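Biologist: I would like to learn how to read a few features off a model. Please take them one at a time, with the general idea and then the case.

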Amino acid sequence: MPVKVEVKNLTKIFGRNPKAILEKVKQGMSKEKILEDTGHTVGIRNASFQVEEGEVFVIMGLSGSGKSTLIRCLNLLNKPTAGEIYVDGDNILEYDKKQLKKFRQEKVAMVFQHFGLLSHRTVIGNVEYGLEVKKIPKNERCEIAKKAIANAGLAGWENKMPNELSGGMQQRVGLARALANDPDILLMDEPFSALDPLIRRDMQYELMELQSRLKKTIIFITHDINEAFKIGDRVAVMKDGVIEQIGTPEELLASPESEYIENFVKDIDRSKVLQAKHVMFKPTVLVSIKEGLKAAMMEMKSNGISSVFVVDSEKRLQGIVTIDDTIKAIKENKTLREILKHDYYTTDCEAFLQDLIPKATDTKYPLAVIDEDGKLLGLISRVSVLSALV
């Protein structure tokens, strides 16, 4: 996918004369020493990364790591001290006031941690607000707002006031308001951290479902590693204003590059991070429905297995046969199709291991990973699931 956002050597220093501190940062002076000696705070130190179009890029870290400072640089709510920020190839640090206003109104939208709703406006009034600022005609902005509200799962709540809504519903309003402007990029600064755990989990799944339909470029801030690994295509881990490592959740789990990352991921619940696609293996032994019983028997015999999956000419899964049933069917002059069994579990490649564990322990056959057309993509054995959790 094309690069949507590129950040190069970004540094943000807070204080009376931040430019004067840049040389100390370049020399590697610590954040604590700079604060002690100069009274300046280094929020971000030489951060570089790329975000692809349609990607959910998560920036995570503990309090004070610089993650919120960084995301606020991406729409210039924080003006960087040094570095470059490119969006669709344009360095937004070179924008004049008119260009920056257009950028904020049309290309990027932000969802805040504490909702930021206008208490005197209804749900639809809040969602319409940005369109109103852009002077979109009333009828048109009303239709756009209703669509955004429906996308956020709040259809029927348009005329309610914010104080009539739960925390999760208020956050949906904030999300709908951001979506109403149809931005290319969504910046989400710990949007679910103020919610209780159950509502938070629901909102995570809602966001993933919404993203599957809208394909926005999302930069998401969180301090929760389970949340980061659940929703992120890639995750950047920050510490003291520095990006320690960037990778997919499985890359961070498998190959931590520092002791800090190791400590971060050691207690992660892998069953909530790893998916079927991470543990499945490509089937090396299959039988075509056209090949018949003797071919199935020979495949099982030569590979030392007691069952084999059967597919059609387009590799769509048809069923499974066992060696006992096959030998019996040959004697009784039956066909391969007549003895197909279907007492196995199937799953899609995006299923999380936590949902596969009960199936893996309950079945005597491998789990079959299929796509929406029933095509066999891979197999998952019980040992594959259990060993991945270690």
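Biologist: Are Tyr 260 and Phe 264 buried or exposed?

Modeller: Buried means under 20% relative accessible area, exposed over 50%, and partly exposed lies in between, using a 1.4 Å probe and protein chains only. Tyr 260 and Phe 264 are both buried. Note that this is a predicted model, where local features need pLDDT of at least 70, side-chain atom pairs count only at pLDDT 80 or more, and totals for chains, interfaces and linings use all residues. Residues are numbered from 1 along each chain as its sequence is written, and side-chain values use heavy atoms, leaving out hydrogens and water.

Biologist: Where do Tyr 260 and Phe 264 lie?

Modeller: Helices (H or I, at least four residues) and strands (E, at least two) are DSSP runs, numbered from the N terminus. Both residues are in helix 11 (residues 259-265), four residues apart, about one turn of the helix.

Biologist: How many aromatic pairs does the structure hold, and how do I classify one?

Modeller: Rings of Phe, Tyr and Trp (its six-membered ring) pair if their centres lie within 6.5 Å; planes under 30 degrees apart count as stacked, over 60 as edge-to-face, and the rest as tilted. The structure holds five such pairs. One of them is Tyr 260 with Phe 264, edge-to-face, at 5.2 Å centre to centre and 80 degrees between the planes. Phe 309 and Tyr 344 make another edge-to-face pair, with 5.3 Å between centres and 85 degrees between planes. Phe 309 belongs to strand 12 (residues 307-311) and Tyr 344 to the loop between helix 14 (323-331) and strand 14 (346-347), so this pair ties together parts that are 35 residues apart in sequence. Phe 309 and Tyr 344 are buried.

Biologist: Which ring has the charged end of Lys 12 over it?

Modeller: A charge sits over a ring if NZ of Lys or CZ of Arg is within 6 Å of the ring centre and within 35 degrees of the ring normal. Here the ring is that of Phe 14, with the charged end of Lys 12 at 4.9 Å from its centre.

Biologist: Now the sheet. In what order do the six strands of the open sheet come?

Modeller: Strands of a sheet pair through backbone hydrogen bonds, either parallel or antiparallel. Two strands count as paired if DSSP finds at least two bridges between them. The order is 6-7-8-3-9-10, with mixed pairing. Strand 6 (108-111) and strand 10 (242-247) are the edges, each pairing on one side only. Strand 6 runs parallel to strand 7 (residues 185-189) over four bridges, and Val 108 stands opposite Ile 185 in strand 7.

Biologist: Which helix packs on strand 6 and strand 7?

Modeller: Contact means heavy atoms within 4.5 Å. Axes are lines fitted to C-alpha atoms, for helices over the stretch in contact, and angles run from 0 to 180 degrees between N-to-C directions. Helix 7 (residues 167-180) touches both strands, and its direction makes about 175 degrees with that of strand 6. Helix 8 (residues 197-214) lies across strand 3 (56-60), strand 7 and strand 8 (217-222), at about 165 degrees to strand 8.

Biologist: Which residues of strand 6 are buried on its two sides?

Modeller: In a regular strand the side chains alternate between the two faces of the sheet. In strand 6, Val 108 and Met 110 are buried on one side, and Ala 109 and Val 111 on the other.

Biologist: How many residues of helix 5 are buried?

Modeller: Eight of the 11 residues of helix 5 (residues 123-133) are buried, among them Val 123, Ile 124 and Leu 131. The buried residues of helix 5 pack against helix 6 and helix 7. Just after helix 5, Lys 135 has a positive phi of about 65 degrees.

Biologist: What does Arg 141 touch?

Modeller: Arg 141, in helix 6 (residues 138-151), touches Glu 128, Leu 131, Glu 132 and Ile 136, leaving aside residues up to four places away in sequence. Its relative accessibility is 13%, so Arg 141 counts as buried.

Biologist: How many bridges join strand 15 to strand 16?

Modeller: Strand 15 (residues 367-370) and strand 16 run antiparallel and are joined by four bridges. Leu 367 stands opposite Ile 380 in strand 16. Four of the five residues of strand 16 (residues 376-380) are buried, so the strand is largely enclosed by the rest of the structure.
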